[in-house]
Amino acid sequence: MPEVQKPPVQISATKFTPISERESKTEFTITIEPGIAIYTNDPDDSEDIDLFPASIELLDDQGLAIAAKLTFPKGEPVEWELGTYQVYSGEVKVTAVFPTANKPSTARFEYSGYHFSGAVGSGYA
């Protein structure tokens, strides 16, 4: 049987923690394989090129989006021919705060990025 390779970008989440009577939070950990970088949730200020930012969407048990406040860290600047872009590499922590009454059953994580060898890729988890 062929060996199954893990994806170059993975995401996991902590258990929900109440922070008030009305709100709860969870923390996502995005783990990015060495040699890979993904664009941040706000990768550039340029209108010359479209980059697909990292995003996380919380979903209820029927697949409907839950309003959540996501706090992403600042990325690392990377200089390219077309400008400077913000990227994530290694391990990244993102906090999500959501209404306690609307507990998410899953999350959709979308990203795009590149391998330092020059190959570009995108995906979701």
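Let's start with accessibility: buried is under 20% relative accessible area, exposed is over 50%, and partly exposed lies in between, with a 1.4 Å probe and protein chains only. By that rule E91 is exposed, at 53% relative accessible area.

Now the ground rules. This is a predicted model, where local features need pLDDT of at least 70 and side-chain atom pairs count only at pLDDT 80 or more, while totals for chains, interfaces and linings use all residues. Residues are numbered from 1 along each chain as its sequence is written, and side-chain values use heavy atoms, leaving out hydrogens and water.

On to salt bridges. The term means a side-chain nitrogen of Lys or Arg within 4 Å of a carboxyl oxygen of Asp or Glu. How many does a search of the whole structure find? Three.

Take E57 and R108. Their side chains meet in a salt bridge at 2.6 Å, N to O. This pair links distant parts of the chain, 51 residues apart: E57 sits in strand β5 (residues 55-59), R108 in strand β10 (residues 106-115). Strands here are DSSP runs of E, at least two residues, numbered from the N terminus. E57 is partly exposed at 29%. So is R108, at 34%.

Next, K93. K93 bridges to E27, with the closest N and O atoms 4.0 Å apart. Again, distant parts of the chain are linked: strand β9 (residues 91-99) holds K93, strand β3 (residues 23-32) holds E27, and 66 residues separate them. K93 is partly exposed at 39%; E27 is partly exposed at 29%.

K93 also forms a salt bridge with E91, closest N and O atoms 3.7 Å apart. Shared partners join E27, E91 and K93 into one network.

Note on methods. Helices (H or I, at least four residues) and strands (E, at least two) are DSSP runs, numbered from the N terminus.
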